[in-house]
Amino acid sequence: MGEVFAGRYELLEPIAEGGMGAVWQVQDRREGDVKAAKLLRQRDASSLLRFIREQATRIHHPHVVTPLGWAGEDDNVLFTMPLLRGGSVAMLVGDYGALPEQWVVAVLDQTLSGLEAVHAAGVVHRDVKPGNLLLEVTGRGVPHVRLSDFGVAVPADMPRLTEANMMIGTPGYMAPDQGSDPDPRDDLYATAVTGLQMLTGTRPPHDPAYVPATPLGMLLLRAIGPDREARPQSAGEFRRMLAEAVPPRPWEPGETEVLDQYAAGRMSTPPPPPSSPPPPPPTPREREKTALRRTAELEDRPVWPILLLAVVGILLLAGGVTLLT
Amino acid sequence: MGVEENIQQQRELYGEPLGDLVRRATAPLGLTQATTAKVLGLSPAMLSHLMTGQRVKIANPIALGRLHALVELGAAAGGLTRSQIDERLDEIRELSSEMTTGARTVTVDGGAAVRGVLRAVASGRELQQAVEALREVAPGLAEVLEVYGSGTDDEIRAHFASIRHLL
């Protein structure tokens with residue numbers, strides 16, 4: 001049996017390692033079901049601030065993952081979310097390479113519909129990418145996407161807590177002309193890059209010469225083009241342009257299929273829970289390898305801001321403790 | 001379609017069932033199925049479906065290229081240290097990021113595919129004999145057999161790039 005967190009959530013298996021926390025599959029012993037939970041790993045005040053902000057971002061929409069609740073134990077915190085069993089769009093592209101146009105359009109339209117709600121709530125996601133688009137298990141039918149990981153999302157009108165010229169997002173998915181103020185249009189740029197990744201089966205940067213010269217390919221290239229004004233200005237406008245480029249057609253099931261990633265149960269023996277003592281320091285050889293890998297994985301990891309107002313964080317920490325007790 | 005039928009199709013496509021192929025490659029490397037999925041860039045569910053014959057084909061050509069590389073690494077594992085193996089596994093995992101430009105995609109994939117074909121039908125010695133026999137008759141063909149049959153990855157890439165415009 002895995003470690004039980006706060007007397008309620010049994011840690012089953014890690015799903016993903018994020019910039020500031022790990023996402024685990026957990027068994028909720030009170031409600032009896034399996035959920036996803038994000039565990040806070042870094043325990044400094046700024047991380048806690050972001051963590052609290054993320055779990056408080058509750059946008060209820062069919063294409064957005066909404067946090068369910070949170071729990072704390074000693075100096076660890078987690079919040080739970082529904083477990084999406086179909087994996088991510090990044091996994092789908094890994095399994096199939098370039099996706100059929102109808103899949104690309106469905107995923108994009110649903111993501112943009114989620115972003116409409118996110119932006120209407122005054123929030124900018126800032127980390128739209130295939131790995132953050134999670135899927136319900138729908139087999140060969142129309143996919144159902146939910147936008148996930150609001151770890152670096154911010155209210156558009158909130159005073160910045162980061163350094164003035166700090167960029168946040170994942171390299172490759174960020175507009176080259178992105179400013180340091182959160183702008184909903186940066187989410188649209190990242191959505192277009194995601195579309196190109198689905199259409200070509202390759203990660204950014206995308207060479208226009210290898211993008212299919214179809215109306216969809218042209219629209220996505222325009223949406224990441226150098227002319228800011230020619231790009232879609234809102235999620236709603238992007239959806240209309242998408243519908244014009246690719247008129248709706250009846251769904252044709254093909255080879256592509258969203259599989260249940262959790263059907264087989266545990267893939268491996270669970271690694272030690274995050275609260276166990278840290279592993280011994282790596283040998284020089286291992287350290288070098290980790291560094292190598294970290295460099296290589298930059299493409300898929302958000303860039304984390306380092307500097308935050310510690311005082312605000314500490315205040316929130318105090319607030320958090322009060323909430324927990 | 002039944003699992004038996006699927007596995008028969010895998011034999012025709014890949015020379016043997018994918019479950020056997022993957023296990024043969026990964027056992028000497030000490031990889032679990034979860035780690036293998038990560039190296040290949042396939043989801044755990046997809047790898048499991050392929051290995052049990054619930055699905056016939058590896059749909060993503062990049063993943064197929066990685067599997068070729070993994071099979072080669074597995075065959076050579078005896079002569080390598082743990083850290084050499086780990087380093088090579090990292091390289092295989094990163095194959096996709098090298099392929100972000102379209103030209104590279106074709107280069108790596110095409111070269112690996114030709115090599116896979118040659119090695120599937122002939123031994124190294126046979127290939128070498130074929131090179132000698134063909135050198136007079138068809139020097140271009142002899143070069144192809146030599147480079148793709150026994151050349152290094154870099155030589156294959158360079159050769160493929162040099163003829164890519166003709167494809």
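Which residue stands opposite A:Phe5 in E2(A)? It's A:Tyr9. Keep in mind that we're looking at a predicted model here.

**The sheet in chain A**

That pair sits where E1(A) meets strand E2 (residues 9-17) of chain A, and these two strands pair in the antiparallel sense over two bridges. In general, strands of a sheet pair through backbone hydrogen bonds, either parallel or antiparallel. Zoom out a bit, and you'll find an open sheet of six strands in chain A, with antiparallel pairing and the order E1-E2-E3-E4-E6-E5. At its edges are strand E1 (4-5) and strand E5 (69-73) of chain A, each of which pairs on one side only. Helix H1 (residues 45-56) of chain A packs on this sheet, where it touches strand E4 (34-40), E5 and strand E6 (76-82) of chain A. The direction of H1 makes about 150° with that of E4(A).

Now take a look at E6(A).

| Strand pair | Sense | Bridges |
|---|---|---|
| E1(A) and E2(A) | antiparallel | two bridges |
| E4(A) and E6(A) | antiparallel | five bridges |
| E5(A) and E6(A) | antiparallel | five bridges |

Is E6(A) largely enclosed by the rest of the structure or largely open? It's largely enclosed, because five of its seven residues are buried.

**The cores**

Next up is the nonpolar inside. The largest nonpolar core has 100 residues, and the members that touch the most others are A:Leu78, A:Val89, A:Val104 and A:Val107. Helix H3 (residues 101-120) of chain A gives the most to this core, with nine residues. Pick out A:Val104 and check who's around: leaving aside residues up to four places away in sequence, A:Val104 touches A:Leu99, A:Gly195, A:Met198, A:Leu199 and A:Leu216. There's also a second, separate core of five residues, and among them are B:Leu145, B:Val147, B:Tyr148 and B:Phe160.

**Two helices side by side**

Helix H5 (residues 215-223) of chain A packs against helix H6 (residues 235-245) of chain A at an angle of about 155°, and their axes are 9 Å apart. Angles over 145 degrees count as roughly antiparallel, so that's what H5(A) is to H6(A). Their crossing is right-handed. H5(A) brings A:Pro215, A:Leu216, A:Leu219 and A:Ala223 to the contact, while H6(A) brings A:Phe238, A:Met241, A:Leu242 and A:Ala245.

**A spot in chain B**

Hop over to B:Ala27, in the loop between helix H2 (18-26) and helix H3 (33-40) of chain B. Why does B:Ala27 count as exposed? It has 11 other C-beta atoms within 10 Å, and a residue is exposed if that number is 12 or fewer. B:Ala27 and B:Gly74 are 47 residues apart in sequence, yet their C-alpha atoms are 7.7 Å apart in space.

**Chain A as a whole**

Chain A has eight helices and ten strands. Of its 325 residues, 41% count as buried. Among contacts in chain A between residues at least 6 apart in sequence, 69% join residues at least 24 apart.

Technical notes. Residues numbered from 1 in each chain as written. Chains lettered and ligands numbered in written order. Predicted model: local features only at pLDDT ≥ 70, side-chain atom pairs only at ≥ 80, totals over all residues. Pairing = 2+ DSSP bridges. Helix = DSSP H or I, 4+ residues; strand = E, 2+ residues; numbered from the N terminus. Contact = placed C-beta atoms within 7 Å. Axes fitted to C-alpha atoms, helices over the stretch in contact; angles between N-to-C directions. Core = buried A, V, L, I, M, F, W, Y, C linked by C-beta atoms within 7 Å. Buried ≥ 20, exposed ≤ 12 C-beta atoms within 10 Å, placed from the backbone. Parallel < 35°, antiparallel > 145°, perpendicular 65-115°, else oblique. Left-handed = near helix turned anticlockwise from the far one by under 90°.
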